Amino acid sequence: MEKQEIIRILESNNLESIRKKAYSVMKEYSGEKVYYRGLLEFSNICINDCYYCGIRKSNKESNRFSLTKQEIIDIAVWTADNGYGSMVLQSGGQKDDKFIDFVEDVLKTIKEKTISEKLPNGLGITLCVGEQTHETYKRFFDAGAHRYLLRIETTSPILYKKLHPETQTLENRKECLRILKQIGYQVGTGVMIGIPGQTIDDLANDILFFKEYDIDMIGMGPYLIHKQTPMKIHTEEMEKRKKQVFNLSLKMIAAARILLKDVNIAATTALQAMDPIGREKGLQYGANIVMPLVTPSRIRKDYQLYDGKPCIDEQSSDCRECLLNRIKSVGREVGFNEWGDSKHFFKRIK
Ligand code: SAH
C-alpha cells in the first residue's frame with residue numbers, strides 16, 4: 001500500500017501537487033523553520049574505496065589534508081558565534097586509534113568552548129565519520145556528539161555491491177545504524193539518487209527502509225560523477241539524465257516527508273551542484289535543514305566527493321549571508337541558536 005503511494009509520487013509528472021502536499025505535511029509535523037548545520041569537512045583521508053567518491057583511497061590525485069585541533073575548535077567557535085546552533089563534523093573513513101582519540105578530544109573541547117548564554121548546552125554536534133565499532137560510537141557519544149549521519153547509499157544489495165569493494169558491506173552499514181540507535185544517537189541516513197542502474201522500485205524500497213529503521217534524519221541527494229573515479233564511464237549517460245535525476249531528487253524529498261512526517265530532512269549541497277537554486281527547491285519540497293559550509297576556503301577544493309561542488313571559492317561568512325537570503329527568498333525563517341533536533345527522535349524514545 002505505502003509502496004504504491006511512494007511509486008506514484010516518484011513516477012508523477014505533477015511536481016507542483018507533490019510539492020504542495022509535502023510542504024503541508026512538513027508545516028504540520030515539523031514546522032516551517034529551517035535549521036543550520038555548519039558543515040566542516042575536517043579531513044579527506046580515507047581508508048575506503050567507494051567507486052563513486054572523489055576522496056576514495058585509490059584516488060592518488062587527491063591532495064590529502066587533516067585540520068589541526070586548533071583549526072577545528074576555532075571554526076566551531078565561529079559557527080556558534082554566528083548563531084548556527086549546530087555543526088556537522090565530516091571526514092573520510094578512518095578507524096585508527098590516533099584518529100579516534102583525536103575526534104574524541106575535539107568533541108569534548110568543542111562542547112567546553114561553545115557553551116554560552118545563547119547556547120546553554122553548547123553547539124549541537126552531528127558526526128559523520130563512517131563505519132566504526134560499537135565502542136568507538138559510544139566514546140564519541142559520551143564525548144558530546146548527539147547525532148550521527150551514516151548514509152546507507154542504496155538499500156539494493158545488487159547496487160550496493162556494484163558501488164563498493166567486497167570489504168564494504170550493506171550488512172555492516174545496517175548493523176552500524178542499529179548500534180547508533182541503541183547508543184542513543186539521533187540517527188540520520190540517506191541514499192544517492194540516480195545511480196546508474198537504480199530503479200524507481202529501488203528508491204521506493206529506500207524510503208521504506210528509512211521507515212522500518214525508524215530513522216530520525218534524512219540526507220539525500222543526486223548522484224554526481226567525479227572524473228577521478230571508476231564511475232566516470234557513466235558521464236555521458238548522467239549528462240543526459242540530469243534534469244530527470246534532479247526532479248527525482250526533489251520527489252524523493254517529498255516522498256520521504258509525506259511518508260515519514262516528523263523527521264528532519266536536509267536540502268543537500270549536491271542539489272545545488274545540479275541547479276543554482278537547488279537547495280531552495282529542496283526546502284520547498286519538504287526539507288527543513290541546510291548545511292552551510294564552514295570548511296576553510298583553501299581546502300574546499302580538496303574535499304570534492306563529486307565534480308562541480310558549489311561554494312568552493314567562498315568564505316564561510318559569504319555562505320552565511322548567501323544562504324540566509326536564499327532561505328528568505330522562499331519565505332522561510334532560520335532557527336538561529338537552536339539545535340533544531342528531529343521531532344521524530346523524541347517521539348521514538350518516549
Ligand atoms: N566517510 C563518511 C562521509 C562520506 S562523504 C561516511 O562514510 O559516511 C558523505 C556522503 O557523500 C556519502 O555518504 C555519499 O552519499 C555522498 N557522496 C559521495 N560521493 C558522491 C557522489 N559522487 N555523488 C553524490 N554524492 C556522493
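**Words and their cut-offs**

Visitor: Why does R19 count as buried?

Guide: R19 has a relative accessibility of 19%. Buried means under 20% relative accessible area, exposed means over 50%, and partly exposed lies in between (1.4 Å probe, protein chains only). R19 is at 19%, so it counts as buried. Before we go on, please note that this is a predicted model, in which local features need pLDDT of at least 70 and side-chain atom pairs count only at pLDDT 80 or more, while totals for chains, interfaces and linings use all residues. Residues are numbered from 1 along each chain as its sequence is written, and side-chain values use heavy atoms, with hydrogens and water left out.

Visitor: Where is R19, and what does R19 touch?

Guide: R19 sits in helix 2 (residues 15–29). Helices (H or I, at least four residues) and strands (E, at least two) are DSSP runs, numbered from the N terminus. Leaving aside residues up to four places away in sequence, R19 touches Q284 and Y285; contact means heavy atoms within 4.5 Å.

Visitor: What makes the link between the side chains of R19 and E16 a polar contact?

Guide: A polar contact is a pair of N or O atoms within 3.5 Å; within protein, one must be able to donate a hydrogen and the other to accept it, and residues adjacent in sequence count only if both atoms are side-chain atoms. The polar contact between the side chains of R19 and E16 is 3.0 Å.

Visitor: How do you know that the buried residues of helix 3 line one face?

Guide: Those residues are I72, I73, I75, A76, T79 and A80. Looking down the axis of helix 3, its buried residues fall within an arc of 165°, so they line one face of the helix. The arc is taken from the directions from the helix axis to the C-beta atoms. Their cover includes strand 2 (38–43), strand 3 (86–91) and helix 4 (97–113).

Visitor: What span is expected for helix 3, and what does it reach?

Guide: The expected span of a helix is 1.5 Å times one less than its number of residues. Helix 3 (residues 69–81) has 13 residues and reaches 18 Å from its first C-alpha to its last, close to the expected 18 Å. Just after helix 3, G83 has a positive phi of about 85°.

Visitor: Why is S62 called buried, while N337 is called partly exposed?

Guide: S62 has 14% relative accessibility, so it counts as buried. N337 has 26%, so it counts as partly exposed. S62 lies in the loop between strand 2 and helix 3 and touches N44, G54 and D302, not counting residues up to four places away in sequence. N337 is in the loop between helix 14 and helix 15 (343–349).

Visitor: Which residues are closest to the ligand?

Guide: They are Y52, S91, R151, E153 and L224, out of 18 residues that surround the ligand; a residue is near a molecule or strand if one of its heavy atoms lies within 4 Å of it. A polar side-chain atom of E153 is 2.5 Å from an oxygen atom of the ligand, and a polar backbone atom of L224 is 2.6 Å from a nitrogen atom of the ligand. Taken alone, the ligand exposes 560 Å², and the protein buries 92% of that; such areas come from the Shrake-Rupley method with a 1.4 Å probe, and for residues only the protein chains shown count as cover.
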